[in-house]
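User: Could you walk me through how to read a few features here, one at a time? I'd like the general idea and then the case at hand.

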Amino acid sequence: MDINAWLTAAIADAERRGLGDLRPLLETLARSTTALREAEGSARPDTPTPGTNLPPTGEHQE
Amino acid sequence: MSAPADLRTIAQIAPLIRAGDLSPTDLVERCLGRIEHSASLNAFITVLADRARAEARTAEREMASGHYRGPLHGVPVSVKDLIDVAGTPTTSGSAVPARHPTADAAIVTRLRAAGAIIIGKTNLHEFAFGTTSDESAFGPVHHPKDPSRSAGGSSGGAAVALLEGMCFGSVGTDTGGSIRIPSAVCGIVGLKPTLGELPCAGIVPLSTTLDHVGPMARTIADVRALFRAMAGTDDVAREPGHMVLGVPEAYVGERLDPGVRAAFERARSTLRLAGHDVVPVGIDGADCTPDVYLHIVLPEASHMHANTLVRHADGYSPGVRLRLEMGGYLLAEDYVRAMHLRDRLTRAVDAALAGCDCLLLPTLPIPAPVLNATSVDVDGHRMPVRAAMLRLTQLFNMTGHPAIAIPNGSTPDGWPVSLQIVGRRGATARLLDCAAAIEGLIAGQTGPVPVGKSG
């Protein structure tokens, strides 16, 4: 899921629940998630792009 | 028999107890007196005075009949109030309804089998979800040197109890540094063993992936005595011989309080002058440590508290509640990413240790922060207090390597500074051997760095 879309949805939900104080924490978390994803990318440059190397439908379910 | 006030360590009192020159009852009374005298520090949530007195009498009867259990027999020990003691509420430092265990945590059972007396349950940062022990339903834990300062956390009460002579050993938990951080702030010794080495059964979890339990005491010898009882091992201390000590320079980084940096350089210089090799090492990918940590601890803590948050949200401290709520928003895919990166960090620390006996780094980049502060100045950089305090400890919770915090002098204005020593996974006994040798070399080193000798 795109981080900006996630952040928008998360802030909206938090405010709907009366937890407006979560906004700065969620914004910090979004920056951290961006860094996490970048770290994963640099750690595994050979990671296949999702959808390009999946087994046939039905074989990757638990 | 009286208990002289200058007896501060298990190593000092154990032979006196065994010889009958010091009674467990007197020791318990002395500790209870210290707890009462310093009650304003909020080190304890529950004091088990009557039970401790009864346990002391039992210990005396056992020893009188020739049954000596070992160096913890008759020794008053405290446990963090996140750890079950049968018949006593486990509050976790929260106003959320406590649990009421009918059995001791596994670690308490082992300490009792070794003859330890459980004198009480110490205060903590609520649910161990913080580094300053100022979010507790039982009031903040105050630093004995200055009550406006934090004693560190989350096992802050344990550190204060040891520093003030309220007990001779303590049990803490460590998910991102919660044993090592208060040990550093208060100038005592705290050991986070290898992940999984000590059982967490009967302990309120924070993060099942990262939680550790371990001993705290005034010296490494005392920590070893507690660890042996808690692990059920009978290893003996050995001279480590010549050591190769790796310093992860890039990970330690520039953001250190000047007093902390000076103490670290002083220790490094002292170890070199003693003939040990102190070499730079790298930890590949360590710059993502806080991000990986956050994406594991937040969802796991949120999961642990999901039901209670629904029913008792108002029972949590506001800050702790917000952190728990935040974890509920984190995506599963990012949790999985963090778990993959955790494996990579584990291999990176293994690699850094491949040519070394131990890693050396400061435990904490700053001295004791002011209570309730949200940010702190670290050598000219403004940082969130939690992030600053976790910066050098949380990596080893994720990788599972054993790590110990030991006193390393003080800042120019007298605040304790700590050295962190990290060993190979599964080699906690070897870590203790190395740490004891280092403790012997750096103890009392409080002067300036010798010119030209640092590095």
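**Reading a helix, an interface and some salt bridges**

Analyst: Let's begin with a helix length check: at 1.5 Å a residue, the 15 residues of α15(B) should span 21 Å, and the end C-alpha atoms are 21 Å apart, which agrees. The expected span is 1.5 Å times one less than the number of residues, and helices (H or I, at least four residues) and strands (E, at least two) are DSSP runs numbered from the N terminus. This is a predicted model, where local features need pLDDT of at least 70, side-chain atom pairs count only at pLDDT 80 or more, and totals for chains, interfaces and linings use all residues. Residues are numbered from 1 along each chain as its sequence is written, chains are lettered from A and ligands numbered from 1 in the order in which they are written, and side-chain values use heavy atoms, with hydrogens and water left out.

User: Which residues of α15(B) are buried?

Analyst: Buried means under 20% relative accessible area, exposed over 50%, and partly exposed in between (1.4 Å probe, protein chains only). In α15(B), the buried residues are T428(B), L431(B), L432(B), D433(B), C434(B), A435(B), I438(B) and I442(B). Take D433(B): its relative accessibility is 7%, so it counts as buried.

User: What is D433(B) in contact with, leaving aside its neighbours within four places in sequence?

Analyst: Contact means heavy atoms within 4.5 Å. With those neighbours set aside, D433(B) is in contact with R224(B), V236(B), A237(B), R238(B) and P240(B).

User: On to the interface. How many residues of chain B are in contact with chain A, and what area do the two chains bury between them?

Analyst: 20 residues of chain B are in contact with 21 residues of chain A. Buried area is the accessible area (1.4 Å probe) that two parts lose on being put together, summed over both. Here that comes to about 1900 Å², 67% of it on carbon and sulfur atoms. L322(B), M326(B) and Y329(B) supply 35% of the area that chain B buries against chain A, more than any other three residues.

User: How should I read the salt bridges between chain B and chain A?

Analyst: Side chains of opposite charge can pair when their charged atoms come close. The rule for a salt bridge is a side-chain nitrogen of Lys or Arg within 4 Å of a carboxyl oxygen of Asp or Glu. Between chain B and chain A the count is 4. In one of them E333(B) pairs with R37(A), the closest N and O atoms being 3.7 Å apart.

User: And what about salt bridges elsewhere?

Analyst: Over all chains, the count comes to 27. Look at R23(A) and E27(A), whose closest N and O atoms are 3.4 Å apart. They are 4 residues apart in helix α2 (residues 22-43) of chain A, so about one helical turn separates them.

User: Which pair ties together parts that are 19 residues apart in sequence?

Analyst: That's E249(B) and R268(B), which meet in a salt bridge (3.1 Å, N to O). E249(B) lies in helix α8 (residues 249-252) of chain B and R268(B) in helix α9 (residues 258-273) of chain B, so the pair ties those parts together. As for accessibility, E249(B) counts as partly exposed at 38%, whereas R268(B) counts as buried at 7%.
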